[in-house]
Amino acid sequence: MGCAQDNLQGVGIYATVDENKSVGFNLKWQATDNLSMALDYHDSSGQSQPNSKYGSGGSVAVAALNRITTSGYFSATGMPVLEVQLGERNSHNQIVRLDEIDVNDMQLSGSNFGSYNNRMDVEQVQFDSTYEFDEGHSIDFGVSTVEVTNRGQSTGISRNSWSGVGTPGDIADLLTIDSIDGVFDGLEGSNDPRQVTEFFTWDFASLIERGEALLQTGAHGNVTNGGPCLTGFCPSYDFDADEVTTEKTFSIYLQSHYMAEPFDMPINLFTGLRYEKTEVHSEALVPLQDRIEWSVINNNFALYEQKDADNNTIVGFSEIDGEYDMLLPSVDFDIEFIEDVYFRASYSLTITRPVYNDLKGAMNIYYFGADGGGGGRGNPQLLPMESSNLDFSLEWYYDEASYMSAGYWTKDVDNFIVSETFEDQPLFQDLTTPMDGALYDEAIEAITGGDPLFVYDNQDINDYFAEHFADEPNVEVTGEGDEIEVVVTGLATDPVATFDVTMPINQNETSVKGWEFVLQHTFGESGFGFQANYTVVEGDLVYDINLNEEQWVVP
């Protein structure tokens, strides 16, 4: 199949340092022979920060514009095979030359240096008390508050020169060809002759030093967003994205324990009720998007952020609130109706809270391409997953540390948290794309003559723009002859850019039930024994392996 022209490879360095702190205290008071109280407080934090001169992570790529075919082959048993052909195609899309991998074809390409500062603070206060009656019954009571704050700050310095800068071969002495040949010999299909095995390696710091030297000579053009080092090969710590999510939970519970021996059969009955109220507040500062630029020759799209007069990123503020409250009952009963033989039954309503990353409300843009962009955010209005649980078991403790049991259980689960993608969302009304704009449509009509079956590539589009639209205000043409490159910026009259936005939502419910059998036997006082268990699970979810579409499964 055809593909983008760039044969791109990258090397990165990633380094962070993590620090955890915690302080707390516990108080216990035996107020009377029957009444005891406890107070627990703790305050803890965890922070992750950049730990190298390249920030949290830096990557630099090299590329050659001679990739002509990319094919993937998949089989039921063997490893996937990736085939890449290098060379040249003519204007009729015919292969006229095949190349071998060569360091002299490579140019310095784009780079990215990111800095991330993430911090979590947890503050909790909990009070518990127990009153024990002389007959062995008891009542437990407690109150707690928990406040969790997550803050994430980030920024990135990118050189969007993904079509390459300079001339092929000006970094050849820094590159070495390596191979994965033989690494996967244990897998079927690993020695397929179509498999790409060779790749480039290089010293990260040496390539950056060469890139900066070539920038100083003018051989690698100019850098518009160079960061504090002005070359683009360094991180910034002036964070342009800052999001804070705070979750506050208040809870109160009451639990009783009743003991009795009717007809010489000991019983225990635990009943409990817990009330919880949770409030979530998420606020964020995120960069505002300014424009989209399309590098026609390699079909790359670059998103540029809005800048002020001092070249600082302009950010926008957003905030989202969510809350929920719940009553969580529980009942647990057991009876020894025959010596060493117990019957147990329990019911409970339990919850599983969303993970904190799912609660972040900031809208993050990940990429933009010919078919639109992609982005995502969390959802501070998520509800926790609820599970209604019913359990029965029969247990026989026939010897010390030896027993057998059989159990039946059911779970009715609601509010599963799943990722949903909302397609073609116009997130920014003033952000347009040159793809399918007036100039693009005119160029395609002229190249194909209106024939939808006519074969063309980005070289054809690049050449047409350079010849006919070079004087348009949103078209920039650089280079000469075969080195001409065209960059097109979206105009206000072009289509509004759309994005596929992924976010977590509450969706779906399911029921699961099953049997569990356990046998544990200890051989006297030898210290040896064994345990065996067998579980049967049945759910109401149906999954059709013949459907070529996304289907929900229990996570």
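**View 1. Helix α3 gives the most to the lining of the second largest pocket, with 5 residues.** The model is predicted: local features need pLDDT of at least 70 and side-chain atom pairs pLDDT 80 or more, while totals for chains, interfaces and linings use all residues. Residues are numbered from 1 along each chain as its sequence is written, and side-chain values use heavy atoms, without hydrogens and water. The space in this pocket is about 1,100 Å³. Among its 40 lining residues, Q5, L65, E88, I297 and Q459 are the closest to the centre. At least two lining residues come from each of β5 (67-73), β6 (81-89), β7 (95-99) and α3 (458-468). Helices are DSSP runs of H or I with at least four residues, strands runs of E with at least two, numbered from the N terminus.

**View 2. T197 sits in the loop between β10 (176-179) and β11 (198-201).** Its relative accessible area of 23% makes T197 partly exposed (between buried, under 20%, and exposed, over 50%; 1.4 Å probe, protein chains only). Leaving aside residues up to four places away in sequence, T197 touches D178, S179, I180 and D181 (heavy atoms within 4.5 Å). The C-alpha atoms of T197 and I180 are 5.2 Å apart, at a sequence separation of 17 residues.

**View 3. Strands β23 (residues 475-478) and β24 (residues 485-489) form an antiparallel pair over 4 bridges.** Pairing requires at least two DSSP bridges between two strands. V475 has V488 in β24 as its bridge partner. The hairpin has 6 residues between the strands, and G479 takes a positive phi near 85°.

Definitions and conventions. On a 1 Å grid over the protein atoms alone, a cavity is a set of points where a 1.4 Å probe fits but cannot get out, and a pocket is an open set with protein on both sides within 12 Å along at least five of seven lines; lining residues have an atom within 4 Å of a point. Grid points are joined across faces, edges and corners, and a volume is the space filled by probe spheres set on the points.
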